[in-house]
Amino acid sequence: APAAALGLLCGSAVAVAVWKWLGERQIQQKMEEAQRTREEGVKKMAEAVRQFREQVPSAQTDAILSLPLLELAGRLQEGSLSPKTVLYTYIEKALEVTQQTNCVRHFIPECEEQLQEIQGQKEKGLLYGIPVSIKDHIGHKGQLSTCGLVQYLGTPEQEDSVLVKVLKRQGAIPFAKTNVPQSLFNYDCSNTIFGQTLNPLNHQKTPGGSSGGEGALIAGGGSILGIGSDVGGSIRLPSSFCGLCGLKPTAKRLSHCGHVEGQTSAWHTPLLIMDISSRPIPVPSALGPMARDVDSLALCMKALLCEEMFRLDPTVPPIPFNEEVYSSSAPLRVGYYDTDGFFPLPPCMRRAVRETREALQAAGHTLVPFSPLRIQYVMNELFLKTFFADGGRAWLDEFTGNIVDPSLKPQVTCYKIPRLVKKLLALILKPLFPRLADYLNALCGMRSVNELWNQQHQIEAYRSQFITQWRELQLDVVLCPVLGPAFTVGFPGKLLPAVSSTMLYNVLNFPAGVVPVSVVTEADEEELKLYRGCCDDSWDRTLKQAVAGAVGLPVAVQCVALPWQEELCLRFMKEVETLSR
């Protein structure tokens, strides 16, 4: 009998091992097939560029690539440049940039159909002939929205998302979908299907995430305008890491229809659960533009905020772009702070705020010290606890049938700890490492619907308090730091709470943008050696390692306005950009 039992046990163990091996083999095959399809797409695009070069050998590549978006749009409108020449010039450059940084997930072959389509349009839209790149999970007919996960490899989108329809109506040509971190819940940019995206300015560094493919492609010169999404900093962090301008609008200022609903992703899962029940969304995601300068962001917003978008998505408030606010030169009353007190940023990021503050003051604006309240409470209690309301179960479920990407392993390991163990660890660590203890507590999520409703109430109460503080100081806008400079590849997964500088404005649902104003100097690098952070704990030491070796990389600031005031936010960003240049 014991022998039979042992035999049965061994047989079962072998069966489980075989079954597991078969499962992994199947995943591997799906991933290999996706990689082959991608390679074929790249070859086809390279061939199309070669054929175009044979027909038009004299196309001035460098001259076209160096034009700012407003100038390029003007040339296309007047007809001195053809959309075909511009499209193939950018595709050629994108092929080169993605070969170096692995930023393009797939080229969109339908861009050639769109090229024909716009040439037949009666009126030239505001983005006539402009090639545009879009983040992986923004729906484009016939293309996958994968979020870097195997389960989404077999189902191409049935139609364009509203945003893509409006871009096309305005004459733009979506030509590439860009790479993202697995599940989107990370600000590195790596997944097991399409690999790691690198920062074009320094290949040891990450471009940031989750709109990291966009950041790398635009910074490398392979795209002039991109669309990303942001629920914790996913537009602003890549903009900071890659030296770009990026705007996270108020959620719902631009349509979301057709980019997440079909493809659940962990960055959006808790949000979707709440969407489905038609309840208010505690921490909403926002789509927004990324580009090389602020005028490009403004042109993109102007093009998108049109009758077509309001008609296609009636849930978007029909507020057209207010040009008067954007082009105003009235002096501003600016609140400022250089640290949120929860995660002090490297010296160069604080220097950027200080220098920008001085430049604004010298230009005649009024600067007022401003202290955001209780950021530790916002980060843990309002953001993480809401996001992981179910203790992270929905997010972990996304990895069923997937091989976890190494960049996400620290996060996955942490979220997999049973609730009771998290609570015990938090208790033990509280005296030694209070920030980690609070973080573990937040990851435990909530136990009841009642708690969830209470959470919603707390977010509303905090928002109202913040606006009262803003109003008492009679502020127009706020100048504050953003996380940076670019992290070394692999570090973001170890430092999720470091995004407090950007995450705050997702919880508040305020428009916020990023503008590069400087670069890391040798003096910054020296000063970094003395950095102690908040508690001189392991998070502070990890942050110090993550940003080391960044001399010459971009340093940015963050500009914020009240909800629905995107034009004022952009106007302030433009002012900061002009003064920094």
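## A walk through the loops and helices

At 31% relative accessibility, K252 counts as partly exposed, a label that here covers the range between buried (under 20% relative accessible area) and exposed (over 50%), using a 1.4 Å probe and protein chains only. K252 sits in the loop between β7 (245-248) and α9 (269-276). Helices here are DSSP runs of H or I with at least four residues, strands are E runs of at least two, and both are numbered from the N terminus.

This is a predicted model, so local features need pLDDT of at least 70 and side-chain atom pairs count only at pLDDT 80 or more, while totals for chains, interfaces and linings use all residues. Residues are numbered from 1 along each chain as its sequence is written, and side-chain values use heavy atoms, with hydrogens and water left out.

On confidence, the chain averages a pLDDT of 93, and 96% of the residues score at least 70; pLDDT is the predictor's confidence in each residue, from 0 to 100. Over residues 260-280 the pLDDT is below 50, yet this stretch has 54 contacts in the model beyond near neighbours in sequence. A contact means heavy atoms within 4.5 Å.

| Residue | Phi |
|---|---|
| C147 | about 55 degrees |
| K252 | about 80 degrees |
| G171 | about 90 degrees |

C147 belongs to the loop between β2 (131-135) and α6 (162-169), and it is buried, with a relative accessible area of 0%.

The bond from G209 to S210 is cis, with omega near 5 degrees, and S210 lies in the loop between β5 (195-196) and α7 (212-219). The bond from G484 to P485 is also cis, with omega near -10 degrees; P485 is in the loop between β11 (477-481) and α20 (500-507).

Back to α6 itself: six of its eight residues are buried, so the helix is largely enclosed by the rest of the structure. Those buried residues are V162, L163, V164, V166, L167 and K168. Helix α10 (residues 294-304) is mostly covered as well, with nine of its eleven residues buried, among them V294, L297, L299 and M301. At the start of α10, a side-chain oxygen of D293 comes within 3.5 Å of the backbone nitrogen of D295.

I403 is worth a stop. You'll find it in the loop between α15 (393-397) and α16 (409-416), partly exposed at a relative accessible area of 30%. Leaving out residues up to four places away in sequence, I403 touches I27, Q28, M31, Q182 and T192. I403 and V150 are 253 residues apart in sequence, but 8.7 Å apart in space, C-alpha to C-alpha.

Last, the surface. V14, V18, W21 and L22 make a nonpolar patch of about 400 Å². Patches take residues with over 30% relative accessible area and no salt bridge, joining like charges within 9 Å and nonpolar side chains (Val, Leu, Ile, Met, Phe, Trp, Tyr) within 5 Å. A salt bridge would be a side-chain nitrogen of Lys or Arg within 4 Å of a carboxyl oxygen of Asp or Glu. Accessible areas come from the Shrake-Rupley method with a 1.4 Å probe, and for residues only the protein chains shown count as cover. V18 is in helix α1 (residues 2-55) and is partly exposed, with a relative accessible area of 40%.

Key. A polar contact is a pair of N or O atoms within 3.5 Å; within protein, one must be able to donate a hydrogen and the other to accept it, and residues adjacent in sequence count only if both atoms are side-chain atoms.
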